[in-house]
Amino acid sequence: MMVATLNGLQDWLKDLAQRYDLIAPCNVDGHVLYRPVASGDEVLLDYERPELSAKDYFLPATEILLRVEQQGGQVTQEEILPDRKQVLFGLRPCDAHGLAAIDALFLKQDPVDRNYAHHRARTVLLGLACPQMWDDCFCTSVEGAPDDPTHLDVLFREVDGGYGVEAITEKGESVLEGLALRKQKGEPSPSGADAEKAPLAPSQDWRSLFGRDQMWRRHGERCLSCRICTYVCPTCRCFDVADRVVAEQGGVTHIERIRVWDACTSTNYRRAAGGHNSRPTKPGRIRNRFFCKFCYYPEDFGALGCVG
């Protein structure tokens, strides 16, 4: 097992921040969130789960896709794709699993989502294993684990004397250059191996739940249609696209085409031209959310829409 000391890890992270956009878990007014950092001292290493997933760095809540200038009959377009590479350190395995679920649609289906693919390609995922299953976790029931390295480039595990380091991909090996490592006897103990798995019905069995109106009404009564569950979720990926005029001066109109998160729990999510709403009630929207995660998405794209 290769091990890095805490001081060595922090020095390495400081160096990474000079060469990449470094994103890591931080304490933001008492909340654990993934945020850009400038040094290893800002990075939290002792935490449960960030309150928001890391998907915002691949599928931003608001993203400018194009800038357009129109002057008379002349139109010019500028595609917005950041060039600088980014490193995401301290990613929990469930957040990495969430990205893999989004990949199933955005990367593995035609057409590939150009912006999402660009963000994925320019990012290195450095995971930090959870030392245990937290109270509300059930990742082992949805094909994950607290120390699952599957969807990461490097996995770090807390061990005696520092952090065990396991390079998973060539991209991960390349970014580890400069990190002082020493060989230590033994291997880290798997975390969550004895966790009790919650029962999960296979996707085909969900069809029998569709008509249980009383159950969906009970769940729907608790929903505020606030959309927060969708924004927090690591796998939700619905979006809307809009064009907005940002300035008009000197005969030139400046327009931005933006992509913004959308949510299937929103009142107007299914509203069509003419005002018809095919999913007007909260029970219907809650039912669709669960079916999307455990029935529709697995059947259409092969990946569960939940990472526990």
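Trainee: What is the strand order in the open sheet of eight strands?

Mentor: The order runs β3-β2-β6-β7-β8-β9-β1-β10, and the pairing is mixed. Strands here are DSSP E runs of at least two residues, helices are H or I runs of at least four, and both are numbered from the N terminus. Bear in mind that this is a predicted model, where local features need pLDDT of at least 70, side-chain atom pairs count only at pLDDT 80 or more, and totals for chains, interfaces and linings use all residues. Residues are numbered from 1 along each chain as its sequence is written, and side-chain values use heavy atoms, leaving out hydrogens and water.

Trainee: What makes β3 and β10 edge strands?

Mentor: Two strands pair if DSSP finds at least two bridges between them. β3 (31-36) and β10 (182-183) each have a single partner strand, so one side of each lacks a neighbour in the sheet.

Trainee: How do you know that β8 and β9 pair?

Mentor: Residues 154-159 and 162-167 share six bridges, in the antiparallel sense, against the required at least two.

Trainee: Why is Glu63 called buried?

Mentor: Buried means under 20% relative accessible area (exposed is over 50%, partly exposed in between; 1.4 Å probe, protein chains only). Glu63 has 6%, so buried it is.

Trainee: Which side chains make polar contacts with the side chain of Glu63?

Mentor: Asn115 does, at 3.2 Å, and His119 does, at 2.8 Å. The cut-off is a pair of N or O atoms within 3.5 Å; within protein, one must be able to donate a hydrogen and the other to accept it, and residues adjacent in sequence count only if both atoms are side-chain atoms.
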